[in-house]
Amino acid sequence: MEPINKIDHLYAPPQDFVDQAYIKSRAEYEKMWKQSIDDPEAFWGEMAKNLHWFKPWLKVYRGDFGIGDNEWYVGGKTNIAYNCLDAQIAQGKGDKTAILFQGEPDEDCRSISYREMLTAVCRFANVLKKYGVQKGDRVILYMPMIWQLPVAMLACARIGAVHTVVFGGFSAEALRDRIIGSGAKLVVTANGYWRSGKQVNSKNIADTACILCQEQGLTVDHMIVVNHLKDFDTPWTLGRDLSFEKEMAETDISDVCPAVPMDAEDPLFIMFTSGSTGKPKGTLHITGGYMVYAYTTFKYIFDYKDNDIFFCTADIGWITGHTYTVYGALLNGATSVIYESVPTYPEPDRFWQIVDKHKVTIFYTAPTAIRSLMKKGSEWVEKHDLSTLRLLGSVGEPINPEAWLWYHQYVGHGRCPIVDTWWQTEGGGILITALPGAWGLKPGSATLPFFGVKPVILKPRPSENADPIEAGIDEEGELCLASPWPGIMRGIYGEPERFFMNYYTQQPGFYFTGDGAKKDADGYFWILGRIDDVVNISGHRIGTAEVESALCSHPAVIEAAVVGYPHPIKGEDLYAYVILSKEIEGNETLRQELVAHTRKEIGPIASPGKIQFIHEMPKNRSGKIVRRVLRKIAAGDAAGIGDAMINTLAEPHLVEEINQGRIV
Ligand code: WT7
């Protein structure tokens, strides 16, 4: 049967999927959703009973959601690493594969059972303790996608240390900011990793970061180095650097390490993410509520069953990898695939080859990956047997209907529902999504809120005291959340005021997501992208303010304004408008130098795709840069700059001037 391939079609889940699904109809969902909103304590109290608690909670929820005050499972004690490992083994899953590691070289492949994982985690937890790590201490994990990364995360969680995983693509400067921001004294890294046939020396970057930290008065006491690349020349600082393998093998390191009973609200990890202003913020996630939310979303959204093989392609350096590759998967006793490298090496069929080789049943990736693989042609997918797949997922940015249809037809063979999961770092877990057996899909819509989540679309408020105004059907507005769910972050590490300002002042009484959205007549949500100064490049979130400050730190630059513009593969890319010092000429060499400079200051993900040298910024009469004008020009839509916008400018003639110099 030819799959249906139409944008405006409602893609109902196949009957055999519905028959085995946890939630089989929208009516069944509505009933549960209503309960989760009307009586969150009863709902989330029930869900939490699926997990192990050393001590039961006294109260399920206490707080004031509209001002960012949330506490879940008050007084309860648990340990997420215990739930991920010991509790699974107690249920007879000791010999089941927990982590299936696939290296870039195909032969570098390793299955680690739940029992092996527990031993490794206990031993590493004992290594951490040996070097002075205690409950509450922060540990930086600057590691590639290797099985030792979840080992290190769970080892931290086991003893109550707080992990901060830093994405391997960040530069030494960005790593320094995160080490200092979290106040960590111990860093775990690897000597290097594979990227498209080349060996990347991540240890060098970590070394540089430590020197930069030293300049700011913070000393990293120890760096534990995984010897991932064999026979690879690794620089070594005696007294500070420790070999992961050697330490793990020491005879004084025990296989046993008791899991510390953690208060439900004790910190679990800090994850840095970009905001619309200033430096990246460290979102703080805690133990109990995060655990219950990761467990519950994984189970219902991926409709997880015992024999599933789960493959999430996100790097563990981002929240998706935390919540689904590691915690959600292991809390459900699943087998989770970790792949070291890129989808295009050695050929653009690597994901499909892995699905085929490891018999993956649930595949979760980002629209940018789908678009780039779609461009390579469907023959790369057709080479492989994907018949084990039963469910697909998408995350990170709105998925355009063309990519959705290709994914549905060529990867899912028209047989697999696609869960388009909207959420963000701050949320801890998926917030708006389909439940795959319960209702039909519309390509490009994330559909309905998960249990406990109540999204509202509000019109911008004219003043703080004005009442909230809900947008009508199909009307665009600001996506806000109106009800507490257990996974929400508890704060920005060390910056309580920024936390409140960033999320609770735009629409007083609501959590402000920073996304635009609309709701259609069926109640389906359509996410329309960021409405703040955050750009989503290939699913990586970058604040334009960070890039501007990186550009301005270059001696040739006087002023910079950075905006996003639509990009066919990446979704969005960065367009920088730069004013240079008088005596300096803006040529191609300088352009390349500025790109190199942002790569150094932040990382490759933040290098602008286009840089235009200009003489003057379009500002309003109070001297503020009018970014809407710059966004329109960058998108090639200068014609769409209306008179109203032009009239706000102090020097309206600049629009024409800047548009003439636009980089195409
Ligand atoms: C922003 C959050 C948490 C997932 C990884 C990214 C955008 C995320 C979707 C989606 C439309 C999406 C939003 C959001 N986003 N998923 N399914 N449809 N937009 O986490 O780095 O915190 O970025 O990503 O704009 O606010 P993040």
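Colleague: Which residue forms a salt bridge with Asp 522?
Modeller: That would be Lys 442, and the closest N and O atoms are 2.7 Å apart. Keep in mind that this is a predicted model.

Colleague: Where do Asp 522 and Lys 442 sit in the chain?
Modeller: Both are in loops. Asp 522 is in the loop between β26 (511-519) and β27 (525-530), and Lys 442 is in the loop between β21 (432-433) and β22 (448-449). The pair links distant parts of the chain, 80 residues apart.

Colleague: And is Lys 442 buried or exposed?
Modeller: Lys 442 is buried, because its relative accessible area of 16% falls under the 20% cut-off. Asp 522 counts as partly exposed, at 41%.

Colleague: What does Lys 619 pair with?
Modeller: Lys 619 has a salt bridge to Glu 559, with 3.2 Å between the closest N and O atoms. Lys 619 lies in the loop between β32 (610-613) and α20 (627-634), and Glu 559 in strand β30 (residues 557-567), so the bridge ties together parts 60 residues apart in sequence. Lys 619 is partly exposed at 25% relative accessibility, and Glu 559 is partly exposed at 22%.

Colleague: How about Glu 71, what is its partner?
Modeller: Arg 62, with the closest N and O atoms 2.9 Å apart. Glu 71 is partly exposed, with a relative accessible area of 24%, and Arg 62 is partly exposed too, at 34%.

Colleague: How many salt bridges does the count come to?
Modeller: The count comes to 43. Some of them share partners: Lys 203, Asp 207, Arg 240 and Asp 241 are joined into one network that way.

Colleague: Which elements give two or more residues to the lining of the largest cavity?
Modeller: Those are β7 (162-165) and β14. The lining includes Thr 164, Val 165, Met 271 and Phe 272. By residue type, that lining divides into seven nonpolar, two polar and one charged.

Colleague: What lines the second largest cavity?
Modeller: Phe 170, Arg 178, Phe 272, Thr 273, Ser 274, Pro 280, Trp 318 and Arg 541. They divide into four nonpolar, two polar and two charged.

Colleague: Last topic, the second largest pocket. What is its volume, and which residues lie nearest its centre?
Modeller: The volume is about 330 Å³. Of the 15 lining residues, Trp 147, Gln 148, Asn 227, His 228 and Lys 230 lie nearest the centre.

Colleague: Which element gives the most to the lining of that pocket?
Modeller: Helix α10 (residues 244-249), with three residues. The lining of the second largest pocket divides into eight nonpolar, three polar and four charged residues.

Definitions and conventions. Residues are numbered from 1 along each chain as its sequence is written. This is a predicted model: local features need pLDDT of at least 70, side-chain atom pairs count only at pLDDT 80 or more; totals for chains, interfaces and linings use all residues. Side-chain values use heavy atoms; hydrogens and water are left out. A salt bridge is a side-chain nitrogen of Lys or Arg within 4 Å of a carboxyl oxygen of Asp or Glu. Buried means under 20% relative accessible area, exposed over 50%, partly exposed in between (1.4 Å probe, protein chains only). Helices (H or I, at least four residues) and strands (E, at least two) are DSSP runs, numbered from the N terminus. On a 1 Å grid over the protein atoms alone, a cavity is a set of points where a 1.4 Å probe fits but cannot get out, and a pocket is an open set with protein on both sides within 12 Å along at least five of seven lines; lining residues have an atom within 4 Å of a point. Grid points are joined across faces, edges and corners, and a volume is the space filled by probe spheres set on the points. Ala, Val, Leu, Ile, Met, Phe, Trp, Tyr, Cys and Pro count as nonpolar, Asp, Glu, Lys and Arg as charged, and the others, Gly among them, as polar.
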